[in-house]
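Here is a briefing on one predicted model. It covers strand pairing, the nonpolar core, a helix and some backbone angles.

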Amino acid sequence: MRGQTTNKDLQALEKLQQIDVRVDEESQALEEIPARLDELRKDVERVGSLLESEKERLAEMEKWHRDQEREIELQGELLAKAKNKMQQARNEREHKAAQREIETIRKATQDREEELLGLMDTIEQGRKTVKEHEEEFVSLQSHLEQEEKEARKQLDAVKKKIDKARTGREDIVKQISSPVVSLYERIQKRLGMALVEVQDDHCTGCNMQVEPQRLIELRKGTRLIQCPLCNRILFFKENGENTSD
Ligand SMILES: [Zn+2]
């Protein structure tokens with residue numbers, strides 16, 4: 001009778017461990033899914049801040065362009081004044097001085113205009129790039145939103161699965177005597193797998209050879225047998241070796 005109780009405990013413990021392993025695996029998803037989302041969020045942020053700095057650079061160039069245009073306008077006014085001076089020149093000397101001034105202003109204006117032309121190309125290119133990156137950013141953001149929605153669904157499903165597994169666990173725990181459950185949980189907390197199979201007289205948890213006396217007791221099923229080295233609870237797989245009395 002005692003042996004049957006032990007074997008029943010072992011069978012229940014095996015089921016318990018199957019549930020615990022499954023819950024552990026599912027619980028990993030609870031961390032992996034948010035971690036994956038975090039990575040994606042960081043990507044979106046990185047692209048976003050890159051885009052911001054591109055926009056700032058473009059705005060600076062556009063401002064500089066406007067400033068230069070204003071300079072050209074001012075030069076236009078100066079040129080008009082110089083022309084006026086030349087018309088009102090009272091002698092050859094004044095006429096020549098005004099002419100030199102006009103030349104200087106024209107040259108400066110021409111230089112500025114050439115520079116602006118080059119700058120305009122850069123600005124056009126910058127606007128194109130910003131537009132492309134804006135589109136990329138928007139599509140990345142919507143991808144992220146999609147992934148977040150998907151992740152919420154996945155997490156809900158995982159939580160439901162875990163809850164369901166936990167309900168089954170409680171039912172099984174009730175079938176096992178409480179000292180055995182606490183022994184199992186203590187070992188599990190420390191080593192992960194608390195219940196391990198004996199194969200070729202060895203503990204499959206730590207590979208220690210189990211002495212014959214323990215194996216005899218394990219076969220008899222009079223009490224729970226633990227590995228002498230790692231303390232895990234030992235059992236034989238149901239393949240004829242596990243003969244209960
Ligand atoms: Zn062991």
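E197 stands opposite F235 in strand 3. Strands here are DSSP E runs of at least two residues, and helices are H or I runs of at least four, both numbered from the N terminus. This is a predicted model: local features need pLDDT of at least 70, side-chain atom pairs count only at pLDDT 80 or more, and totals for chains, interfaces and linings use all residues. Residues are numbered from 1 along each chain as its sequence is written.

**Sheet**
- V196 stands opposite L234 in strand 3.
- Strand 1 and strand 3 run in the parallel sense, paired over 3 bridges; two strands count as paired if DSSP finds at least two bridges between them.
- Strand 1 and strand 2 pair in the antiparallel sense, over 2 bridges.
- On that side, V198 stands opposite C203 in strand 2.
- The open sheet has 3 strands in the order 2-1-3, with mixed pairing.
- Strand 2 (202-203) and strand 3 are its edges, each pairing on one side only.

**Nonpolar core**
- The largest nonpolar core holds 20 residues, and L13, Y184, L195, I233, L234 and F235 have the most contacts inside it.
- Such a core is a set of buried Ala, Val, Leu, Ile, Met, Phe, Trp, Tyr and Cys residues joined through C-beta atoms within 7 Å.
- Buried means 20 or more other C-beta atoms within 10 Å of the residue's own, exposed means 12 or fewer, and partly exposed lies in between, with C-beta atoms placed from the backbone.
- Helix 1 (2-87), helix 3 (178-191), strand 1 (195-199) and strand 3 (233-235) each supply at least two residues of this core.
- Helix 1 gives the most, with 5 residues.
- L234 touches V196, V198, C203, V210, L218, I225, Q226 and C227, leaving aside residues up to four places away in sequence; contact means C-beta atoms, placed from the backbone, within 7 Å.

**Helix 3**
- Helix 3 has 14 residues and reaches 20 Å from first C-alpha to last, close to the 20 Å expected at 1.5 Å a residue; the expected span is 1.5 Å times one less than the number of residues.
- G192 follows helix 3 and has a positive phi, near 85°.

**Positive phi in loops**
- Most residues other than glycine have a negative phi.
- The hairpin of strand 1 and strand 2 has 2 residues between the strands, and D200 there takes a positive phi near 50°.
- D201, in the loop between strand 1 and strand 2, has a positive phi of about 65° although it is not a glycine.
- D201 counts as exposed because it has 12 C-beta neighbours inside 10 Å.
- N207 has a positive phi near 75° and sits in the loop between strand 2 and helix 4 (212-220).
- N207 counts as exposed, with 11 C-beta neighbours inside 10 Å.

Notes. Contact = placed C-beta atoms within 7 Å.
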